[in-house]
Amino acid sequence: MRILGLDYGSKRIGVAISDELGLMAHGHGIINNTGPEETINQIQALLTQEKISQIVVGLPKTLNNTIGPKAQEVLKFVEELKTAVKVPVFTWDERLTTFEAEILLREMNLSRRRKRKQVNVVAAQLILQGYMDATKKRGIAMIKKIGNY
């Protein structure tokens, strides 16, 4: 069961894919956002090539947990994606992931140009990893609750 993680941007979409067990997120590159139709076609190709079973898209809520203009743009994209693909599509709160990605890349002493190219991919990894970690914890909590551990 592989999961596709997306960091949506109006120009570039960062892509990350989980391993087969859904434990680790790996950067997969960038999709240039050239419009909904072409972008969704590229995502559909990835779904087939990588045998993806679900998609998680970062939702950039504001710091006070509201939906701002950027999040509305992401939600519109998510709705278009949901109608076009046959796998479940979820959103995941991505507050500060781009900021966190920039800090990680700064620590790697990459050039500005390389950082700019990688920030969306690293943000997608952080979104996907956060989603997988949280769903894994929820699964364990449910097992404990059901099994009375």
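Visitor: Which backbone oxygen does the side chain of Asn 33 reach?
Guide: The backbone oxygen of Gly 9, at 2.9 Å. Keep in mind that this is a predicted model, where local features need pLDDT of at least 70, side-chain atom pairs count only at pLDDT 80 or more, and totals for chains, interfaces and linings use all residues. Residues are numbered from 1 along each chain as its sequence is written, and side-chain values use heavy atoms, with hydrogens and water left out.

Visitor: And which side chain does Asn 33 join in a polar contact?
Guide: That of Thr 39, at 3.1 Å. A polar contact here is a pair of N or O atoms within 3.5 Å, one able to donate a hydrogen and the other to accept it; residues adjacent in sequence count only if both atoms are side-chain atoms.

Visitor: Where does Asn 33 sit, then?
Guide: In the loop between strand E3 (25–32) and helix H1 (36–50). Helices (H or I, at least four residues) and strands (E, at least two) are DSSP runs, numbered from the N terminus.

Visitor: Is Asn 33 buried or exposed?
Guide: Buried, because its relative accessible area is 15% (buried means under 20%, exposed over 50%, partly exposed in between, with a 1.4 Å probe and protein chains only). Asn 41, in helix H1, is partly exposed at 38%.

Visitor: Changing topic: how many residues of strand E4 are buried?
Guide: 7 of the 8 in strand E4 (residues 52–59), so the strand is largely enclosed by the rest of the structure.

Visitor: Which strands run parallel to E4?
Guide: Strand E1 (residues 2–7) is joined to E4 by 5 bridges, in parallel, and strand E5 (residues 89–93) also pairs with E4 in the parallel sense over 5 bridges. Pairing takes at least two DSSP bridges between two strands. As for bridge partners, Leu 4 has Ile 55 in E4, and Val 57 has Thr 91 in E5.

Visitor: How many aromatic pairs are there?
Guide: The count comes to 3, taking rings of Phe, Tyr and Trp (its six-membered ring) with centres within 6.5 Å; planes under 30 degrees apart are stacked, over 60 edge-to-face, the rest tilted. Phe 90 and Tyr 131 are stacked, because their ring centres are 6.1 Å apart and their planes lie at 25°. This pair links distant parts of the chain, with Phe 90 in strand E5 and Tyr 131 in helix H4 (residues 112–147), 41 residues apart.

Visitor: Which residues make up the aromatic cluster?
Guide: Phe 90, Trp 92 and Tyr 131 form one cluster. Of these, Tyr 131 is buried at 9% relative accessibility, while Phe 90 is partly exposed at 35%.
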